[in-house]
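Look over the sequence and the model, then read on by topic.

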Amino acid sequence: MTTTALDPLEVARATLRRAELRTGVRASTPGVVDLDDAPRPLGAILDDGHLPRGAASAVTGSTSLLLALLATSQGSSDWLAVVGAPNLGMLAAADAGIALERVALVPRAGDDPAGVVAALLDGMTYVVVGPDAWLAASERRRLLARARERSSGLVAVGVWEHAAVRLDVVAHRWAGTDAGGGYLRRCELDVARTARGVTDRWTLTLPAPGGLLVEPVEGQARPAASIRRGPLRLVG
């Protein structure tokens with residue numbers, strides 16, 4: 001018996017329809033209202049405490065940082081989509097605090113990754129563009145314009161022209177294997193942040209368990225408020 005491969009674009013559209021049904025967008029009753037106003041642990045490095053919407057952002061060098069940013073940006077009614085990232089671990093995403101019941105995965109974007117991303121931007125709060133979703137520069141420009149129209153956030157793991165913020169992890173430092181009972185308990189990331197044409201350096205400490213401590217390389221430490229999520233499992 002032969003089977004027909006699913007069209008990734010149709011998979012994306014079907015996923016969007018299911019998300020709209022679950023959140024009430026296609027129902028007669030109002031959708032879920034985001035009531036989560038808890039302090040965001042990475043707010044010191046991101047404007048408004050979350051990844052920008054209606055714009056593009058780029059995160060390179062650490063899957064752990066990407067997952068932490070998505071977790072802090074996902075509100076209680078927000079849907080995330082991940083396109084072209086077949087190696088992204090969902091166990092690590094859950095440990096980072098991402099609500100997996102509101103995550104749509106399209107590991108293989110097929111021959112039309114731009115069409116898949118465009119379809120998801122129509123209803124998802126954030127769309128992550130992974131390394132296997134190859135896009136031409138002209139397609140990235142069109143998708144950025146669509147994100148602005150839909151007030152959705154594009155999150156790239158590579159180059160994206162005119163990104164509102166770019167976070168490049170340039171170094172990792174690990175701690176905790178012996179004193180931590182054989183487990184890695186903390187990772188310090190040196191991050192170069194570029195926004196509005198200015199690049200500055202930050203150190204992010206990702207401990208487990210507990211919240212995330214954020215401090216600039218130059219300046220006083222600013223500990224973030226603790227969060228109600230489980231410990232971050234470092235994968236990047």
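Cys187 is buried, with a relative accessible area of 1%. This residue lies in strand S7. The model is a predicted one. Cys187 and Arg173 are 14 residues apart in sequence, yet their C-alpha atoms are 5.6 Å apart in space.

**The chain as a whole**

- The protein chain has five helices and ten strands.
- Of its 236 residues, 46% are buried.
- Take the contacts between residues at least 6 apart in sequence: 63% of them join residues at least 24 apart.

**Ser57 and strand S1**

- Ser57 sits in strand S1, which covers residues 55-60.
- Is Ser57 buried or exposed? Ser57 is buried, because its relative accessible area is 1%, and the cut-off for buried is under 20%.
- Leaving out residues up to four places away in sequence, Ser57 touches Leu51, Pro52, Leu154, Val155, Ala156, Ala163 and Val165.
- Three of these names, Leu154, Val155 and Ala156, belong to strand S5, residues 153-156.

**Strand S5 and its partners**

- S1 and S5 pair in the parallel sense, over four bridges.
- Within that pairing, Ala55 stands opposite Gly153 in S5.
- S4 also runs parallel to S5, and four bridges join the two.
- Here Val129 has Ala156 of S5 as its bridge partner.
- In a regular strand, side chains alternate between the two faces of the sheet.
- In S5, Gly153 and Val155 point one way, while Leu154 and Ala156 point the other way. Residues on both sides are buried.

- S2 is covered on both faces.
- Leu80 and Val82 are buried on one side, and Ala81 and Val83 are buried on the other.
- S2 pairs in the parallel sense with strand S3, residues 103-106, over four bridges.
- Val82 stands opposite Leu105 in S3.

**The enclosed helix H4**

- How many residues of helix H4 are buried? Nine of the nine residues in this helix, which spans 113-121, are buried, so H4 is largely enclosed by the rest of the structure.
- The buried residues of H4 are Pro113, Ala114, Gly115, Val116, Val117, Ala118, Ala119, Leu120 and Leu121.

**Nonpolar cores**

- The largest nonpolar core has 31 residues.
- Leu65, Leu70, Ile98, Val155, Leu167 and Val191 have the most contacts inside this core.
- H2, S2, H3, S4, S6, S7 and S8 each supply at least two residues of this core.
- H2 gives the largest share, six residues.
- A second, separate core has 24 residues, including Ala104, Val117, Leu121 and Leu154.
- Ile98 contacts Leu67, Leu70, Ala71, Gln74, Leu80, Ala93 and Val103, leaving aside its neighbours within four places in sequence.

**Cavities**

- There are two cavities of 30 Å³ or more.
- The second largest cavity has a volume of about 50 Å³.
- Which residues line the second largest cavity? Its lining is Leu67, Leu70, Leu80, Val82, Leu88, Met90, Ala93, Ile98, Leu100 and Val103.
- By class, this lining has ten nonpolar, no polar and no charged residues.
- Helix H2 (63-73), strand S2 (80-83) and helix H3 (90-96) each supply at least two of the lining residues.

**The largest pocket**

- The largest pocket has a volume of about 260 Å³.
- Its lining is made of Ile45, Leu46, Asp47, Asp48, His50, Pro52, Ala163, Ala164, Val165, Arg193, Ala195 and Arg196.
- By class, that lining has seven nonpolar, one polar and four charged residues.
- Pro52, Ala163 and Val165 in this lining are also among the residues that Ser57 touches.

Definitions and conventions:
Residues numbered from 1 in each chain as written. Predicted model: local features only at pLDDT ≥ 70, side-chain atom pairs only at ≥ 80, totals over all residues. Heavy atoms only, no water. 1 Å grid on protein atoms, 1.4 Å probe; cavity = no way out; pocket = protein on both sides within 12 Å on 5 of 7 lines; lining within 4 Å. Points joined across faces, edges and corners; volume = space filled by probe spheres on them. Nonpolar A, V, L, I, M, F, W, Y, C, P; charged D, E, K, R; others polar. Core = buried A, V, L, I, M, F, W, Y, C linked by side-chain atoms within 4.5 Å. Buried < 20%, exposed > 50% of the residue type's maximum accessible area, 1.4 Å probe, protein only. Contact = heavy atoms within 4.5 Å. Pairing = 2+ DSSP bridges.
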